[in-house]
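The following exercises ask the student to read features from a protein model. Each task is followed by a solution in steps.

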Amino acid sequence: MSAAAAPDKMSPPILNTLLLTSETLAFCLPLGTILAWLLVRGDLPFRRAALRLVVLMAFLPLYLQAGAWQAGFGQEGWFSSSGSGEPWLSGWSAALWVHVLAGIPWVAMFASVAMLHIEPELEEQALLDGSTLQVFVRVTLPFIWPALGLAAIWVGMLTAGEMTVTSIFFVRTYAEEVYTQIAAHEVLAEAVWTLLPGVLVTVTLLGLGMLCCLQLGKSVRPLSLRRSANFSLGRWRWPLTLACLAAFILLVGVPLSNLLYKAGVLVIQAGSGRTRTWSVVKCLSVVAAAPWNCRRELLWSFGIGGLAALASVALAIPLCWAARRSRWLGGLALLIAAVCLAIPGPLLALGVIRLLNRAELPWLADLYDHSILAPWLVLTVRALGPAILVIWHAMRTVPDAMLETAAVEGCGYWGQLTRVVLPQRLSALAVAWLIGLAITLGDLTASLLVAPPGVTTLTIHIFNLVHYGVEDQVAGICLALILFFACMAAVVAALAKGIEPRRHGGR
């Protein structure tokens, strides 16, 4: 990930975006897949704790991860300030570095979930005829490739559709160009040629996403209720353990240490010079005061994001219930999920603007200008795709025999949903809502374009601040948010234990 791979500064934004996305996927797809296999199938000693860290890192928004690295090695970072010359993280290499580290946990999480659904008998039978590596290549990879495809689309969309990292490190990309064009033209039709490449890419991603969703929807064989066996790593166990430990130190330890240092650093005047010291009291006080100092932004973020996540769950429930009973409706639900996963933030925001900002409908234009309707719609669509995938899987795991018994006792179509399915899958609904909340709290590109006057979310607020370096107050709110997301990830991990992968003849 060196700057040698960077394009010329005058390269078109769409070319920069394609290069950044392809390089990000080239690194994070193999690394995330290997990490997932080691944590799910290997006999490493700290696998459960490591999987929880993977979930936490996937939950952290890009602006938090970018700010954490900026606090240490970017502009005004503690390490950069102690040296001379250009900061370690700047330009293309910095954007690639942050996007790769942000993409690895997503790939690992998608791959881990897919590996947990592989029948143990298949891998055990293959292990009798070949090595562990051969089992991985011949059995595991063919089974999990749809999940890896969805992970690639999701990470690609996050990389290509977000301008959080690239704007901080001054890399011109398509998302920022769209934002500039929309801001510069009063008539949105004037920016249509700028949007055309994004439309073409979205159509391509939509087709690929639909293919992956359909492959995930197949259930040719019933899932085994046996727990998957771990593969012995033999003499490679401890070297791979140390390698994974180093990876998590890089993913979690270094950026967290950067923020902790910036939040607690004290500069003391000593004669004609200045000395830097670190105070744990100042660090704790800055973190404790940060939520109150940003209370207005927090209220907007959690209010809009919570309502959007709730709406996405409410829409996903009937879609997924209908998908269980009808293959045609199942295809429609998966198509909607693929659209929501594939559409870039700028194009989504443009669609909402064109929908609401209409001079011929003054009441709608008034809602667009003076309410949270536009950001709520945008964030609902952003959260709907993951909500469909979570709830769709949860409903598929309800045994058909249980529903047939309820039907015999007089429970109708919707009665089976409200009296049998939903009470058993409340944990899945909570997981879908929490994942949707995490996604909405991390969105910038779409919500930035549609935020009405006077509404500043925490994402926009921190995004504006980290451009000038991460000072103690910014580090404090970042640490407070990391603590919140850590609690959220722990809750999701606990709730996910109640969603068992069972198929008893259901679609």
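**Exercise 1.** Determine where Phe170 is placed and whether it is buried or exposed.

*Solution.* Step 1: Phe170 is placed in the loop between α8 (164-168) and α9 (174-184). Helices (H or I, at least four residues) and strands (E, at least two) are DSSP runs, numbered from the N terminus. Step 2: the relative accessible area of Phe170 is 66%, so this residue is exposed. The classes are buried (under 20% relative accessible area), exposed (over 50%) and partly exposed (in between), with a 1.4 Å probe and protein chains only. Step 3: consider the backbone. Most residues other than glycine have a negative phi. Phe170 is not a glycine, yet its phi is positive, at about 60°.

The model is predicted: local features need pLDDT of at least 70, side-chain atom pairs count only at pLDDT 80 or more, and totals for chains, interfaces and linings use all residues. Residues are numbered from 1 along each chain as its sequence is written, and side-chain values use heavy atoms, with hydrogens and water left out.

**Exercise 2.** Describe the protein chain as a whole: how many helices and strands does it have, and what percentage of its residues is buried?

*Solution.* Step 1: the protein chain has 23 helices and two strands. Step 2: of its 507 residues, 53% are buried. Step 3: the chain exposes about 22900 Å², of which carbon and sulfur atoms supply 68%. Accessible areas come from the Shrake-Rupley method with a 1.4 Å probe; for residues, only the protein chains shown count as cover. Step 4: take the contacts (heavy atoms within 4.5 Å). Among those between residues at least 6 apart in sequence, 80% join residues at least 24 apart.

**Exercise 3.** Check the length of helix α12 and state what lies at its N-terminal end.

*Solution.* Step 1: helix α12 covers residues 280-293, which is 14 residues. Step 2: the expected span is 1.5 Å times one less than the number of residues. Step 3: for α12 this gives 20 Å, and the end C-alpha atoms are 20 Å apart, so the two values agree. Step 4: Ser279 caps the N-terminal end, with a side-chain oxygen 3.3 Å from the backbone nitrogen of Val281. Step 5: the buried residues of α12 are Lys282, Cys283, Val286, Val287 and Ala290. An α-helix has 3.6 residues a turn, so residues three or four places apart point the same way.

**Exercise 4.** Which residues make the nonpolar surface patch of about 540 Å²?

*Solution.* Step 1: recall the rule. Patches are made of residues with over 30% relative accessible area and no salt bridge; like charges are joined within 9 Å, and nonpolar side chains (Val, Leu, Ile, Met, Phe, Trp, Tyr) within 5 Å. Step 2: the members are Leu256, Leu260, Trp278, Val280, Val281 and Leu284. Step 3: α11 (237-264) and α12 are the elements that give two or more residues to the patch, and α12 gives the most, with three. Step 4: Trp278 belongs to strand β2 (residues 273-278); its relative accessible area of 41% makes it partly exposed.

**Exercise 5.** How many salt bridges are counted, and which parts of the chain do they link?

*Solution.* Step 1: a salt bridge is a side-chain nitrogen of Lys or Arg within 4 Å of a carboxyl oxygen of Asp or Glu; the count by this rule is three. Step 2: Asp43 and Arg237 pair at 3.7 Å, N to O. Asp43 is in the loop between α1 and α2 and Arg237 is in helix α11, so the pair ties together parts that are 194 residues apart in sequence. Step 3: Asp472 and Lys282 pair at 3.1 Å, N to O. This pair links helix α23 (residues 472-496), which holds Asp472, to helix α12, which holds Lys282, 190 residues apart. Asp472 is partly exposed at 21% relative accessibility, whereas Lys282 is buried at 18%. Step 4: Arg382 and Asp443 pair with their closest N and O atoms 3.0 Å apart. Arg382 is in helix α17 (residues 373-396) and Asp443 in the loop between α20 (426-442) and α21 (445-450), so the pair joins parts 61 residues apart in sequence. Both Arg382 and Asp443 are buried.

Note on methods:
A polar contact is a pair of N or O atoms within 3.5 Å; within protein, one must be able to donate a hydrogen and the other to accept it, and residues adjacent in sequence count only if both atoms are side-chain atoms.
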